[in-house]
Amino acid sequence: MATENVALAAGAEGGTLVTPDTQQQTSQVNVVNDFSIQIATVNGSGSQSANSVLLKSIFRMGVPVSGKNLFPSNIAGLPTWYTIRASKDGYVARKKEIDILIAMNPETAKEDMHSLPSGAAAIYEESADLRQFRDDVACYPVPFDKLTAAVCPEAKLRKLVKNMIYVGVAAQILKMDMTAVEAALRKQFARKVKAADLNWAAVQAGYDYASTTFTKNDPFVLEAMNSTEGKIIIDGNAAAALGCIFAGCTVAMWYPITPSSSLVENFIDLAKRYRIEEDGKATFAVVQAEDELAAIGAVLGAGWAGARAMTATSGPGISLMAEFTGLGYYAELPGVIFDVQRTGPSTGMPTRNQQCDLLSVAFLSHGDTKHVMLIPGSVKECYEMAMAAFDLAEQLQTPVFVMSDLDLGMNNWMSEPFTYPDKPLNRGKVLSAEDLTRLGGFARYKDVDGDGIGYRTLPGTDHPLAAYFTRGTGHNEKAQYSERPDDYYNNMERLSKKFETARSLVPRPEVVQTGKSKIGLIAFGTSDFATLECRDQLNKEYGLDTDYLRLRAYPFSREVHEFVASHERVYVIEQNRDAQMLSLLKLDLQAEEIVKLRSIRHFNGLPIDARSVTDDLVTQEGI
Amino acid sequence: MATTPVTSTPIDAPKPAAKTNRIGLQVLDYRGGKTTLCAGCGHNAISERIIDAFYEMGVQPERVMKLSGIGCSSKSPAYFMSRSHSFNSVHGRMPSVATGALLANRTMKALGVSGDGDTASIGIGQFIHLMRRNIPIIYIIEDNGVYGLTKGQFSATADIGSKLKTGVVNDLPPIDTCALAIQLGATFVGRSFSGDKKQLLAMLKAAIAHNGTVVLDVISPCVTFNDHEGSTKSYKYMQEHEEAISEVGFVPHFQEIDVEYDPGTTINVEMHDGSHLRLRKLHEDFDPTDRVAAVSALMTAHSQEEVLTGIFYVDTKKPSFTEMLNLVDEPLGTLPDERVRPSRAVLDDVMHRLM
Ligand SMILES: Cc1ncc(C[n+]2csc(CCOP(=O)(O)OP(=O)(O)O)c2C)c(N)n1
Ligand code: SF4
Ligand SMILES: [Mg+2]
């Protein structure tokens with residue numbers, strides 16, 4: 001979308017070259033509210049606040065905006081990039097092309113510069129002299145240290161304050177509304193007035209320097225819109241934590257792992273604020289476990305004893321939870337596990353995005369196991385599906401996984417405000433002492449209602465017939481020890497039936513279908529953003545209409561079959577190497593449906609972008 | 001036919017009243033399913049003592065949850081107290097299940113049953129963290145020095161030099177779970193022998209009165225795989241090598257304290273629930289509040305090839321984990337919606353701050 005070919009003002013190699021206004025107007029078409037900014041820094045340099053102020057300033061100008069942190073598995077000293085995309089059309093996927101570079105990392109500056117398309121702009125430290133590498137990029141060199149020293153007498157704060165200078169420079173070059181910038185900054189530093197003043201002085205210094213030094217030499221500008229009014233900005237982990245709070249989650253046991261840690265940390269903050277009673281006592285317990293084996297064990301123990309319990313983890317933690325998850329499936333214990341997916345093992349690219357645990361989670365553990373997965377595709381769904389997960393886990397008496405990912409979980413996203421749940425908590429089939437008196441007892445694993453789900457009792461139920469013995473398989477309907485073939489067989493068949501029940505209870509896919517297109521697209525989670533944009537690209541650039549189904553859960557519901565059946569070719573778009581979702585679909589679909597499936601995969605550690613999907617699809621279509 | 005009156009069985013002749021405990025239950029109410037363990041297995045004797053202890057203490061069985069790992073020992077909760085919920089979980093990881101269950105419902109009494117393999121090998125990590133947190137649970141290690149259920153391989157509590165039936169000799173030192181427990185924060189630590197009815201019963205009753213992690217390592221011979229000559233966990237070896245550090249007496253809170261004791265020879269410990277533990281010293285420097293002395297006594301016993309039994313360490317002051325968390329009084333798991341789901345105003349407030 002964004003890079004309309006823009007000719008640079010003739011002879012202008014850099015912003016310092018004064019170009020008459022008239023010439024600028026004739027040679028450049030402004031690109032308004034439709035570009036990406038990439039800030040290249042070193043991690044540990046404290047650029048988060050500055051990046052956040054920049055993002056939120058754009059948001060305050062009413063322009064749809066999204067931000068992504070592309071960071072290494074390291075605390076300080078390695079390259080980090082933050083990308084901000086402003087999009088008047090509301091596209092929020094990563095934009096493949098970078099339009100404005102803020103090069104704060106000398107190590108990567110040359111490479112960063114080379115990665116820019118022609119016609120881009122670059123803000124950088126004066127001494128780096130990046131202009132020598134590109135004469136087709138608008139250059140804005142800034143003496144950062146000098147400007148910083150002037151506004152920040154305290155030497156040890158300069159490293160942080162320096163970042164605010166680029167906010168000011170960018171604001172000036174992009175013609176931003178400075179009242180929006182100031183408001184965003186003051187909100188960022190909320191109660192810390194001194195810090196706010198110091199940082200605001202730095203923003204102004206950058207702004208003033210730019211306005212007195214540069215003549216605008218690139219086409220990118222921001223203009224106020226009103227597309228963000230009433231919207232919120234939040235990351236997926238915070239949204240999921242909020243969902244846990246409103247789901248009435250009472251027990252959380254976890255072991256820190258990027259990118260899931262902030263989910264539980266947010267839960268702790270929120271719970272301390274909203275879940276402490278007047279007498280100072282807590283209606284929640286959060287325990288940092290010794291490992292993920294313990295985290296899942298505690299979740300299942302708590303679920304068994306009646307609590308809404310959760311843990312959050314990522315791939316390596318999922319692997320450790322495998323055995324217990326199998327027990328949870330067979331012993332029929334509720335529990336919610338957030339898998340904020342990332343790229344593979346710990347000694348790899350653990351801070352990069354992927355949707356790569358689908359197969360391992362769907363069948364996690366030994367024996368015949370299959371698990372319910374909810375797949376949020378927005379921060380709002382992180383909130384809603386967190387709540388749904390607790391209801392489903394208790395309704396179905398089984399572990400339920402929420403499959404988020406790093407991109408969704410750790411990045412800031414714009415959203416409609418979340419809505420208050422309109423239904424009470426669904427605590428599933430639990431018998432009280434009174435029920436037991438009325439019924440004269442119960443059989444824990446009997447399918448009374450024909451949905452494969454038995455009735456359970458909780459420890460502490462004050463009735464002599466309440467207790468039962470919990471173990472994996474090897475029990476009859478009454479939870480008595482049994483190795484009889486018919487008992488095992490019948491129990492396993494009932495568990496299958498329960499999974500069929502899950503099919504009708506999980507969130508339905510979202511379908512956009514005109515009935516005219518032969519091509520269907522299937523995506524899910526964070527692949528949705530690129531897919532939406534890709535559909536517009538296909539339509540505008542190739543005149544190709546596509547239908548779209550966004551999966552929101554496993555097991556798949558009826559709509560998925562119908563969608564595949566009604567198209568000639570169906571592209572499954574996902575962020576992993578092995579076409580994991582496509583494999584899951586294959587297990588469910590009929591042979592004549594399977595042959596229709598095509599695969600588009602993105603797995604280089606960067607969040608998927610629309611251009612790559614479009615190019616791949618066009619190639620496969622032979623267009 | 002002549003109507004010969006049936007010999008007199010009066011219809012409502014009073015049966016001899018069944019013995020009941022202080023809450024009106026019979027010992028039958030504390031029984032479980034029929035054991036499937038080998039006849040003579042030490043684990044069965046421990047199950048019997050658990051039944052006696054809970055019966056005699058008058059604990060409502062519905063207020064107890066039984067948790068176990070995997071092994072012959074971990075199967076045994078099926079053979080006592082059927083009126084208590086029970087969870088036979090995964091190998092070595094009952095501590096985490098118990099932790100979660102207690103977080104969900106801290107009003108329950110938790111009884112954990114494990115084996116030496118379950119605890120000292122695969123489960124050592126969770127065992128350590130259970131103790132470090134002082135989770136309120138009675139954690140019994142039914143210790144036979146082998147993996148019974150997988151047919152007799154050595155476990156990590158097997159003594160150095162101990163011999164399997166096949167002649168294989170163990171040449172690694174044992175983990176002393178009691179020494180570990182004392183060091184790591186368990187607040188009631190003792191060792192007993194499945195064959196020592198009196199001592200084990202008194203220790204179990206005191207354990208029920210305690211609030212915090214109780215670790216009881218109970219030597220429990222495996223008659224099938226580790227009860228032969230050359231084993232250091234056999235009945236015979238125990239009869240010859242058991243050495244009690246103190247004589248354990250217990251006066252429950254609901255009984256009058258009528259026995260005088262001599263403070264010179266007996267240590268009196270007031271328990272959490274008002275019960276009294278009376279430990280008559282059999283070793284001169286015995287002091288159950290001194291961790292260093294306790295570990296030292298254990299080490300000395302090892303070097304003298306004695307199996308030291310009794311209560312080694314008690315701390316009745318340290319708060320248990322569930323107390324430390326400052327939770328509401330009722331079980332978290334069954335709090336009503338309105339106490340766990342904040343109001344609409346709260347959501348509005350959060351949303352407003354995100355705009
Ligand atoms: C993950 C896992 N590994 C191995 C086993 C096999 N296994 C079952 S019981 C057991 C050892 C039990 O020994 P112990 O805890 O001493 O109990 P005992 O049978 O001696 O009472 C083993 C290794 C298992 N169940 N799970
Ligand atoms: S094998 Fe050993 S531990 Fe297992 S039941 Fe038999 S005697 Fe007991
Ligand atoms: Mg054993």
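How many salt bridges are there between chain A and chain B? In this predicted model, the count between the two chains is four salt bridges, and one of them joins the side chains of B:Arg133 and A:Glu290, with 2.8 Å from N to O. Between chain A and chain B there are also 24 residue pairs in polar contact, where both residues have a pLDDT of 80 or more.

On the side of chain A that touches chain B, the largest share, eight residues, is supplied by helix H10 of chain A, which covers residues 292-304. By type, the residues on that side of chain A divide into 41 nonpolar, 15 polar and 14 charged. Taken as a whole, the contact draws 70 residues from chain A and 56 residues from chain B, and the area buried between the two chains is about 5300 Å², with carbon and sulfur atoms giving 64% of that area.

B:Asp116 belongs to helix H4 of chain B (residues 116-122), whereas B:Asn144 sits in the loop between strand E4 (137-143) and strand E5 (146-147) of chain B, so the pair ties together parts that are 28 residues apart in sequence.

Terms used. Residues numbered from 1 in each chain as written. Chains lettered and ligands numbered in written order. Heavy atoms only, no water. Helix = DSSP H or I, 4+ residues; strand = E, 2+ residues; numbered from the N terminus. Contact = heavy atoms within 4.5 Å. Buried area = accessible area lost by both parts, 1.4 Å probe. Polar contact = N/O pair within 3.5 Å; in protein donor to acceptor, adjacent residues only side chain to side chain. Nonpolar A, V, L, I, M, F, W, Y, C, P; charged D, E, K, R; others polar.
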